[in-house]
Structure formats: structure tokens, C-alpha cells
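Student: I am new to this one. Can we go through it by question and answer?

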Amino acid sequence: MSVFMNFRIALRAIGANKLRSGLTVLGIIIGVAAVVALMSVGQGATSGITSQVEGMGTNLITVSGSRAFMPMRGGQSYSLMYKDYEAILDVIGEKAKIAPYYQGNANVIYGEREADTSVTGVLSTYQDVNEYEVASGRFVTDQDNLEAAKVAVLGATTAEDLFAGLNPLGRDIKVDGKDYTVIGVLSEKGSSGFTSQDEMVLVPLETAYTRIFGGQAKSGGEYTISGMAISVINADDVDSIMSEIEYILRREHGLTLTDDMVFTISSQTQMLESLSDISGTLTAMLGAIAGISLLVGGIGIMNITLVSVRERTREIGLRKAVGATRGIILVQFLIETLTLSIFGGLLGVLIGGGIAWFVSSTGVLTASVTFDTIFISFLMAVLVGIIFGLYPAFQAAGLQPIEALRYE
């Protein structure tokens, strides 16, 4: 018997039990749709993070404070100090732009509105190094720092939260109960990794030290910094400059080459690799979780097909009595399960793609449907149809004609 004839028989059998066939296909549809939707969301998140990091350039180095609480040893502090910035500036100042900053928590209010954000003290270099654009007004200047001026620059989200559409320029906000004049609002920048770059209040670093945080920003009587962002002029110098920074920090804090490096020095390339690994793992986990739905759908196919074999026992016996071989019966039932899984796979891909599109259109998350996702999901559906259809097909093919014809 030809494959075409088997296919016709399979379609006839599927059509004879439309409700049962529909419920069988439903498991595959849900499974494939879940795989496509969840993997698309995972890949979209990966692409978004990657583009954000790449948009900041591969020549950016970040230096942050101690990885964990470390006590002072030999009079040396393990806090990142302002004098560390000065020491690094002396060595690499001609090869890179350096932006130290101090970040802390403070209560920010305008009228009846309050912003849930942090306050960061910065120098004028902070704008260029982090590639911030000023939407209105201006950024912090060197003169602002010299005067410890009571001025502030707002991120786009913070400006909206505090002023709800009003023009913030020239208005006073309260930071820990004291008035600061808004001199600028930054353009919307989005997220960097898992943090928003639009929820911020920037003030001159000297202002943060002397007017807002005071002793909180000191260690051993000297001012600390939360970190440094360093933009290397020549991207080829990134690795060598990272080595120089490590050497300077070890020297300034009395760390030998055998001591653990208590400060974190990383480049955008390293960050990109780490984020890609994390997001790739999460995408794989989402796909695996969604794959469980396919497994359930496969079990449903096997159970329904076993019921079908039992109901069609006499038909199988009759076909065998007139010459049908084990192979023909086996192929017929496999074609039935494969047809169901292919149909369910196609519908699942369409529905999953639709869910991904809807999620992206809301703007809450970004979902990216790729050919690989579609191919893998559809292939999984086909494999489920084959694997879970094998046992019922072998059961049908193994029936003895006489016993099958006697079956009631």
C-alpha cells in the first residue's frame, strides 16, 4: 500500500473522531505555543540587554568598590577612595576619560510628589563617559563642583514622576529637606542590564560630599566613591589600562599580587559575555519549562492513539487478513500521530508568534521570534508525534489477525 493511501486512511480516521482529534491536537498546540512565546521573550530580553551594553561601547571600563565587607588592614581601607581616582587620573588621564561618582539614598520631593530614586554626586566628565544627552537645560559643570552648588540634573523618568509634565528647569526640589534648583533633564536612555538609567538625580560631587551625605561618604576621615566609569580613547588599550588600574589600586590599598583583589574592574566586553551567558541560560530554562507542555501533549497523543487502536481492532484484523503487513499498519498509525503533531505544531507556531507579537506591542517586554525558535519548536512537535506514536503503532502492528477479528 502506498504512503499516499495510508495518508488518506489516516485523515479519514482523524476526521471520524473530530472532537477526540481536536483535544489531542490541543496539547501539541499549547506546548508549541508556549515554547515559541517563552523562548521569544527570552531571546528578546537577551537582544535588548546586548544592544544596551553594546550601545555604551566596548571601550568602557567600570571600577566598583569592595565585593564584600573587608576590615581595614595595616591602616589601609578597602573602600574605593576619591584619592584612588586622583591616582588613576595621574597615570591614565591622557588615555581615558574618568568619571568618579558617589551614590547614596536621599529623600527627593517636589510639592506633594516624591521620587523613589537615588542621588548621585558626579563630575562634569560623567556625561561624556556614560554618553548621556541633555534634553533640556545643561549638565553639571566644573564650576558647580568648585562652588558645591545646590543644583540637580534629573533623569527622564524622575522628571516625569516629580513634575508630571511641567517644565522642571529653574524649579526647586527638596533633597533631604533642602532646596536644589533643577538645571537640566536628561534624554530618555532606557535600561542598562537590569537597572534604569532614567531614574536618577545627579548633583555635583562636592555638593554630595559636603551638603548631602557628609560623614556617610567618608572612610578613615577621607571621602570615598561608589565607583568609576572610564572611557578609553583607544579600544585596543582596554586590557592594558585595566591592568594599570589594578596595579594602582593594589598599591594604594597595600595589596600584594598574592592578595585577593577586593575591587571589581570590568570592561563592557566582559559584562556583555556574562549577561549573554545568564540570559542564554534563562532562555534555555524557559524553553525547557515550556517543553513540559509538549511532553504532556505527547502523552495525550499516545493515550488517544491507544484508545483508537482498541476501537479499531477488528478493522486492523480485517486488513491483516486481506494482506496488510505489520509495516503497513505501523506506518498508518505513525502517519496519524504525525499528522496530528504537524497540524498542532503549525497552529502552535502561529499562536506562539501572535503571543510574542502582543507582548512586544505592549512595550512591557521585548519578544524576538527567530527562525531557529520556530524550527526547533516545530521539530519538537514532529518528534513528539513520532516518539509517542511508536508504542501504539507497534501495539496495532503486533495484533494477530484471528484474535483481532474475534475482538468484540
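The talk below turns to helix packing and then to aromatic rings.

Tutor: This is a predicted model, where local features need pLDDT of at least 70, side-chain atom pairs count only at pLDDT 80 or more, and totals for chains, interfaces and linings use all residues. Residues are numbered from 1 along each chain as its sequence is written, and side-chain values use heavy atoms, with hydrogens and water left out.

Student: How is helix 11 oriented relative to helix 12?

Tutor: Helices are DSSP runs (H or I, at least four residues), numbered from the N terminus. Axes are lines fitted to C-alpha atoms over the stretch in contact, and angles run from 0 to 180 degrees between N-to-C directions. The axes of helix 11 (residues 326-362) and helix 12 (residues 371-397) cross at roughly 150 degrees and come within 7 Å. Angles over 145 count as roughly antiparallel, so helix 11 to helix 12 is roughly antiparallel.

Student: How many residues of the contact of helix 11 with helix 12 are nonpolar?

Tutor: Ala, Val, Leu, Ile, Met, Phe, Trp, Tyr, Cys and Pro count as nonpolar, Asp, Glu, Lys and Arg as charged, and the others, Gly among them, as polar. Five residues of this contact are polar and one is charged, while the nonpolar ones number 18.

Student: What kind of aromatic pair do Tyr209 and Tyr223 form?

Tutor: Rings of Phe, Tyr and Trp (its six-membered ring) pair if their centres lie within 6.5 Å; planes under 30 degrees apart count as stacked, over 60 as edge-to-face and the rest as tilted. The ring centres of Tyr209 and Tyr223 are 4.0 Å apart, with planes at 15 degrees, so the pair is stacked.

Student: Is Tyr209 buried or exposed?

Tutor: Buried means under 20% relative accessible area, exposed over 50%, partly exposed in between (1.4 Å probe, protein chains only). Tyr209 has 2% relative accessibility, so Tyr209 is buried.

Student: Which residues form one aromatic cluster?

Tutor: Tyr102 and Tyr209 form a tilted pair, at 6.2 Å centre to centre and 55 degrees between the planes. The cluster consists of Tyr82, Tyr85, Tyr102, Tyr209, Phe213 and Tyr223.

Notes: Helices (H or I, at least four residues) and strands (E, at least two) are DSSP runs, numbered from the N terminus. Angles under 35 degrees count as roughly parallel, over 145 as roughly antiparallel, 65 to 115 as roughly perpendicular and the rest as oblique.
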